[in-house]
Amino acid sequence: MGRTPNWSMGGGLLLALCLSAAASAGTLDDIRARNTVRIAFREDAPPFSFKDNSGNPAGYMIDVCKLVVGELAGQLKLSGLSIDYVRVTAADRLDTVAGGKADLLCEPTTETLRRRESLDFSIPTFVDGAGVVSTNGGVSDLKALEGRTVGVLAGTTTEEELHTSLQADGVTATVVAVPTHSEGMAALRARKIAAYFADRAILVGLLKDENAGLTLGDVYLTVEPYALALRRGDEDFRLAVDRALSRIYRSGDIAPVLRHYFGDNALSRLQTTLYGVSALPE
């Protein structure tokens, strides 16, 4: 009688080969096959990611990603690539990319070590810091918020740092986590909260044309390095995105995008240094 085949070993080998084949079919292959890049964006994070008056995705990060898409088309030797926009919220944005439902997360996402456990990130795209807007003429010290109620966007690094900073300064305040910036600002205008914390550049955008007597304070809780988030483990795609961003920085194409959303003084020494250091040589 012949030897009985070890089907479990064969099945395991077959599974390993299938997984290997799936792994080799990475994001760039998917983009080439679809001729489309899926960009995840938020509607409530101006000036980085929002909907314009025509209902189209807009913002600094959106425009940066459009430049990246153009560079990716060149790298893939395609005449062009379409963009499929995937709407996300602050709560589900990271899971959307980690789960493969979008290729790039193009909104103000801070790169952290904890987030790198489940996602990969490009070279930096912006640097900001968490600030505060309030109803009482400006907050220059967290102690001014003793006994008061303050708001912050749920699920962000700013929320974590706010709790830590209040505790470190011995300040007792009630922190209300809201799902969107618009709801936080509405609560502030209605005087339901005394202050609202978010990334400073976002607060500047939210305060544009504001007439409710709100003031941007001098408190900085954090330094926030933004980057484009992408699915973890796809080194070829991350390299392609970093190559695209590096060329955009070196060519100076980033400058008009910055000026469009942040004004003539957008190229501060900090931002100039960021792009100069981040752009990798070929």
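Trainee: Why is Arg-243 called partly exposed?

Mentor: Buried means under 20% relative accessible area, exposed means over 50%, and partly exposed lies in between, with a 1.4 Å probe and protein chains only; Arg-243 has a relative accessible area of 35%, so the residue counts as partly exposed. This is a predicted model, in which local features need pLDDT of at least 70 and side-chain atom pairs count only at pLDDT 80 or more, while totals for chains, interfaces and linings use all residues. Residues are numbered from 1 along each chain as its sequence is written, and side-chain values use heavy atoms, with hydrogens and water left out.

Trainee: What makes Arg-243 and Glu-282 a salt bridge?

Mentor: A salt bridge is a side-chain nitrogen of Lys or Arg within 4 Å of a carboxyl oxygen of Asp or Glu, and the N to O distance for Arg-243 and Glu-282 is 3.2 Å, so the pair meets the definition. The pair links distant parts of the chain, 39 residues apart, with Arg-243 in helix H8 (residues 235–251) and Glu-282 in the segment after helix H10 (269–278); helices are DSSP runs of H or I with at least four residues, strands are E runs of at least two, and both are numbered from the N terminus.

Trainee: Is Glu-282 buried or exposed, and how do you know?

Mentor: Glu-282 has a relative accessible area of 69%, and is therefore exposed.

Trainee: Why is Asp-234 called buried?

Mentor: Its relative accessibility is 10%, so Asp-234 counts as buried. Asp-234 forms a salt bridge with Arg-231, the closest N and O atoms being 3.8 Å apart, and Arg-231 is partly exposed because its relative accessible area is 30%.

Trainee: How do you know that Arg-32 and Asp-29 form a salt bridge, and where do they lie?

Mentor: Their side chains meet at 3.4 Å, N to O, and both residues lie in helix H2 (residues 27–34), 3 residues apart, about one turn of the helix. An α-helix has 3.6 residues a turn, so residues three or four places apart point the same way. Arg-32 counts as partly exposed because its relative accessibility is 40%, and Asp-29 does so at 36%.

Trainee: What makes the span of helix H5 close to the expected one?

Mentor: The expected span is 1.5 Å times one less than the number of residues; H5 (residues 157–168) has 12 residues and reaches 16 Å from its first C-alpha to its last, close to the 16 Å expected. Among the buried residues of H5 are Leu-162 and Leu-166.
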